[in-house]
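Here is a short report on one protein chain. Please look through the model before reading on.

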Amino acid sequence: MPKVLLERKDVDVNLTWDLSTIFKTEEEFEEVVSKAKELTEELEKEFKGKLSNSKAINNCLDKLREIFQLSALAGTYAYLAVAVDQTNVENQGRQMKLSNISSDIQSRLSFVESEIIEADEKVIEESIEESKENAGYLKEIMRQKKYALHPEVEKTLSALSSTLGSPYQVYNRAKLADMDFGTFTVDGKEYPLSFGLFEDEWEYEHDTNIRRTAFETFSKKLREYQHTIAGTYQTQVQKEKTLATLRGFDSVIDSLLFPQKVTRELYNRQIDLIMEHLAPHMRKFAKLLQKIHGIEEMTFADLKLDVDPDFEPEISVEESKKYIEGALGVLGDDYLEVIKRAYDERWVDFVQNKGKSTGAFCSSPYGSHPFILISWTERMREVFVLAHELGHAGHFYLAGQNQNIFDTRPSTYFVEAPSTMNEMLMANYLMKTMDDPRMKRWVLSSMISRTYYHNFVTHLLEAHYQREVYKIIDEGGSIQAATLNKLKRETLEKFWGDTVKINDGAELTWMRQPHYYMGLYPYTYSAGLTIATEVSKRILTEGQEALDDWKEVLKSGGTKTPIELAKMAGVDITTDKPLLDTIAHIGNIIDEIIQLTEEVEGK
């Protein structure tokens with residue numbers, strides 16, 4: 001049974017991240033915020049109305065990089081403090097105050113892009129030639145030129161950035177602060193329930209009665225908030241549609257794909273091929289789970305079950321080091337050094353506590369080291385989650401060392417490739433170092449039920465549903481809870497067919513994901529994992545050459561498009577082949593799990 005969650009003040013500090021590496025004191029934080037404001041005022045005074053020649057443009061952008069760095073450090077510090085405890089009023093106050101200051105800074109700085117966009121193209125081209133540091137930023141501005149609004153409109157939108165971001169804030173407050181799931185009772189015994197406990201514990205519970213009761217209780221509470229969250233989501237997508245229309249995009253989808261440097265063809269291919277070709281493999285996997293667990297009727301609430309319910313090695317944070325270092329050490333000494341520092345210098349927040357954000361993420365502020373949030377449950381599965389987040393950390397650490405702040409972040413289409421790549425490396429390492437068929441089956445089933453399920457099923461089904469939502473919005477329609485429930489249910493039924501019963505509550509899954517407030521993010525997980533799968537296969541066959549290519553990709557940051565980055569790693573994502581090969585690879589793993597199951601149970 002899950003332990004009762006502690007207050008943040010009562011947890012073991014050694015298992016928390018150390019934000020003092022960004023700012024040692026509150027005064028230091030305030031000083032940086034003041035300096036960012038001061039530099040912004042100086043930049044505005046010195047350059048506003050004067051960005052008509054290459055020298056002025058590059059001098060302005062040199063100063064802008066410094067403001068960006070200071071703002072990123074302050075913003076990350078404020079956000080991370082709230083992320084580990086949504087109930088802390090002091091931290092919330094700091095974040096809200098900074099949010100208002102940041103909106104003012106963004107508003108004041110909005111003239112930079114607007115004036116450069118309005119400058120003569122020859123002047124922009126001269127500016128690009130004269131500064132390698134600013135070239136990437138300027139090329140992106142040239143790309144955006146067609147969709148830019150009047151400078152005063154851009155300034156107004158920047159000033160409203162905090163307000164425009166409020167749907168996500170409202171969603172998070174409702175989900176993590178207001179929703180009280182209380183407890184549920186099975187056979188006279190009471191069990192605690194929360195967002196985190198459900199998604200980290202009860203979804204994986206082997207006892208069918210407990211698992212399904214938890215699902216029903218969880219869904220009942222979600223349903224109470226469905227109209228509020230639907231209204232929040234409607235505000236989000238309507239805002240995105242309004243901005244898309246203002247900028248001259250025909251579709252909100254095109255508008256959201258534009259910053260990713262991805263075509264509609266790549267986006268649709270990802271969703272359509274997986275919906276069609278992966279579904280039969282995953283239905284086969286669902287039937288295996290049904291057989292192993294002796295379930296009469298497989299339901300949506302049963303899909304997170306383990307292939308081997310009595311076998312998952314327990315593992316402490318300390319013990320995880322040997323697996324993480326053993327698996328990721330193939331990426332070289334410099335990468336391994338990053339891994340060791342993550343443990344030794346408290347880059348990772350491992351503890352579980354009340355008010356902590358669910359799931360796991362990595363934040364990598366430029367000029368500092370990355371920070372990883374995870375809720376360690378003493379189970380081997382967390383090793384894969386940590387490897388994943390360390391993939392983001394290693395990526396942005398290397399990119400930060402090799403690129404300036406303008407050029408570190410690649411398209412979101414590519415951003416999940418380095419993280420899922422590390423999960424592949426972990427699986428390869430465990431398969432190579434373990435002889436026990438039961439352990440091998442656990443590793444392979446973890447790859448399916450977590451890595452691939454998470455990225456190719458959970459997030460892909462989100463993407464399919466999200467595309468349907470945007471179609472309605474593009475046609476001038478609106479969405480309410482009933483519409484969203486219907487769309488989600490239809491998506492789930494299309495994928496699972498007759499194999500899985502989509503029971504009551506499954507349609508509310510749209511209420512659980514923050515990704516819908518981040519544009520077209522869900523589909524990018526399967527895109528990243530497709531690249532990672534193909535590269536990891538290449539590493540197994542080609543060794544060091546493939547590893548060296550991958551390291552160069554990581555160092556490139558955002559200097560290339562997703563297609564170019566994938567090509568550097570030896571993958572051509574402009575064709576169906578990598579995706580179909582990856583889906584076939586998933587099918588092969590499922591067949592191997594079935595074979596190992598017969599071997600294990602035949603003993």
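## The sheet

In what order do the three strands of the open sheet lie? The order is 3-5-4, and the pairing is mixed. This comes from a predicted model. Strand 3 (348–349) and strand 4 (361–363) are the edge strands, each pairing on one side only.

Strand 4 pairs with strand 5 (residues 371–373) in the antiparallel sense, over three bridges. Ser363 has Phe371 of strand 5 as its bridge partner. Helix 2 (residues 54–83) lies across strand 4 and strand 5. Helix 2 runs at about 155° to strand 4.

## The nonpolar cores

The largest nonpolar core has 148 residues. Met282, Ile324, Leu386, Trp496 and Trp550 have the most contacts inside it. Helix 20 (residues 437–474) gives the most to this core, with 17 residues.

Back in the largest core, take Trp496. Setting aside residues up to four places away in sequence, Trp496 touches Met282, Arg283, Ala286, Leu303, Tyr453, Val457, Leu461 and Ile502.

## A loop residue

Thr299 sits in the loop between helix 14 (279–293) and helix 15 (317–328). Is Thr299 buried or exposed? Thr299 counts as buried because its relative accessibility is 6%, and buried means under 20%.

Which residues is Thr299 in contact with, leaving aside neighbours within four places in sequence? They are Arg212, Val500, Lys501 and Asn503.

Key:
Residues are numbered from 1 along each chain as its sequence is written. This is a predicted model: local features need pLDDT of at least 70, side-chain atom pairs count only at pLDDT 80 or more; totals for chains, interfaces and linings use all residues. Side-chain values use heavy atoms; hydrogens and water are left out. A nonpolar core is a set of buried Ala, Val, Leu, Ile, Met, Phe, Trp, Tyr and Cys residues joined through side-chain atoms within 4.5 Å. Buried means under 20% relative accessible area, exposed over 50%, partly exposed in between (1.4 Å probe, protein chains only). Helices (H or I, at least four residues) and strands (E, at least two) are DSSP runs, numbered from the N terminus. Contact means heavy atoms within 4.5 Å. Two strands pair if DSSP finds at least two bridges between them. Axes are lines fitted to C-alpha atoms, for helices over the stretch in contact, and angles run from 0 to 180 degrees between N-to-C directions.
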